[in-house]
Amino acid sequence: MATYVLVHGGAHGGWCYQRVARILRGAGHEVHTPTMTGVGERAHLLRPDIDLDFHIKDITTVLEYEDLREVILVGHSYGGMVITGVADRATDRIGHLVYLDAATPVNGEALADVSPGSMRAARAAGRVVDGVELVLWPGTEPIPHYGVTDPADIAWLTERLTPHPYKCFEQPLRLSNEAALWDLPQTHILCTNTLPHRDPARMAKAAASDRVWDIDTGHDLMITEPKAVADLLLRVAAA
């Protein structure tokens with residue numbers, strides 16, 4: 001039995017993995033889908049100091065309190081920033097990192113550095129509420145970016161999206177255990193249309209191990225192609 005921790009991206013929550021988690025659990029595996037503070041069902045906990053470090057602590061704490069080991073840690077989109085920080089701080093609990101069409105940062109980078117164009121657009125449509133700068137408001141431009149085209153899926157997604165604190169996207173990732181972190185095995189599961197835009201140097205280790213896979217779908221691939229995503233995550237566990 002494998003243990004998966006599935007980390008969502010910006011404006012989403014653990015809910016976005018419902019379909020994938022159901023398949024993995026049906027195959028007999030342990031699956032955790034935590035929601036980070038300030039979004040999803042934890043949107044009522046929004047506060048001005050929520051940043052990338054805060055979200056890294058959210059997930060690290062789940063690993064510690066659930067006493068999880070040899071975890072297959074999966075991050076989607078912004079979640080790639082988070083899982084990299086988690087693996088740096090809790091390397092001994094991680095067995096494999098999976099970047100699910102995700103940011104692949106290095107030390108000192110913020111998501112605003114990794115994806116400057118999309119972050120500029122998100123910030124331009126942001127609003128300040130109770131002292132918190134919020135971006136990716138549901139019902140606005142992000143929906144096409146998520147690549148969800150089925151009307152029922154769009155409705156389901158729109159009902160659940162929540163705005164995200166911009167501070168999370170501008171805070172640089174700080175790593176202190178890089179040698180051990182980058183020694184962890186990695187798999188990259190990408191959307192086919194993003195594959196040509198990825199930096200080969202950043203994925204060289206995974207590519208050398210035949211661990212760069214793609215699915216021909218939109219960015220929210222855990223919603224649009226849950227079986228394909230789950231099948232590849234099962235392949236990670238089998239290896």
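User: Which residue in E8 does Tyr99 stand opposite?

Analyst: In this predicted model, Tyr99 stands opposite His188 in E8.

User: How many bridges join E4 to strand E8, and do they run parallel or antiparallel?

Analyst: Strands E4 and E8, the latter spanning residues 186–191, are joined by four bridges and run parallel.

User: What about E3, how many bridges join it to E4?

Analyst: Six bridges link strand E3 (residues 71–76) with E4, and these two strands run parallel. Within this pairing, Ile72 stands opposite His96 in E4. The chain passes from E3 through helix H3 (residues 79–89) to E4, forming a right-handed β-α-β crossover.

User: How many of the residues in E4 are buried?

Analyst: Seven of the seven residues in strand E4 (residues 94–100) are buried, so the strand is mostly covered.

User: Back to E8. Is Gln186 buried or exposed?

Analyst: Gln186, which is found in strand E8, is buried, because its relative accessible area is 11% and the cut-off for buried is under 20%.

User: Which residues does Gln186 touch?

Analyst: Leaving aside residues up to four places away in sequence, Gln186 touches His96, Leu97, Tyr99, Ala206 and Arg211.

User: Changing topic: where is Asp51 found?

Analyst: Asp51 is found in the loop between strand E2 (30–32) and helix H2 (52–65).

User: Which side chain of opposite charge is nearest to Asp51, and how far away is it?

Analyst: That side chain is Lys167, at 5.7 Å. Asp51 is buried yet has no salt bridge; the distance to Lys167 is 5.7 Å, whereas a salt bridge requires the atoms to be within 4 Å.

User: Which backbone nitrogens does the side chain of Asp51 reach?

Analyst: The side chain of Asp51 reaches the backbone nitrogen of Asp53 at 3.3 Å and that of Phe54 at 2.9 Å. Not counting residues up to four places away in sequence, Asp51 touches Tyr78, Lys167, Cys168 and Gln171.

User: One more region. What is the phi of Asp67?

Analyst: Asp67 has a positive phi of about 50 degrees, although it is not a glycine. Asp67 is placed in the loop between H2 and E3. Glu70 is also found in the loop between H2 and E3, and Glu70 has a positive phi of about 50 degrees without being a glycine.

User: Is Glu70 buried or exposed?

Analyst: Glu70 is exposed, because its relative accessible area is 57% and exposed requires over 50%.

Notes:
Residues numbered from 1 in each chain as written. Predicted model: local features only at pLDDT ≥ 70, side-chain atom pairs only at ≥ 80, totals over all residues. Heavy atoms only, no water. Buried < 20%, exposed > 50% of the residue type's maximum accessible area, 1.4 Å probe, protein only. Pairing = 2+ DSSP bridges. Right-handed = clockwise from strand over helix to strand, strands pointing away. Lys, Arg positive; Asp, Glu negative; His and termini not counted. Polar contact = N/O pair within 3.5 Å; in protein donor to acceptor, adjacent residues only side chain to side chain. Contact = heavy atoms within 4.5 Å.
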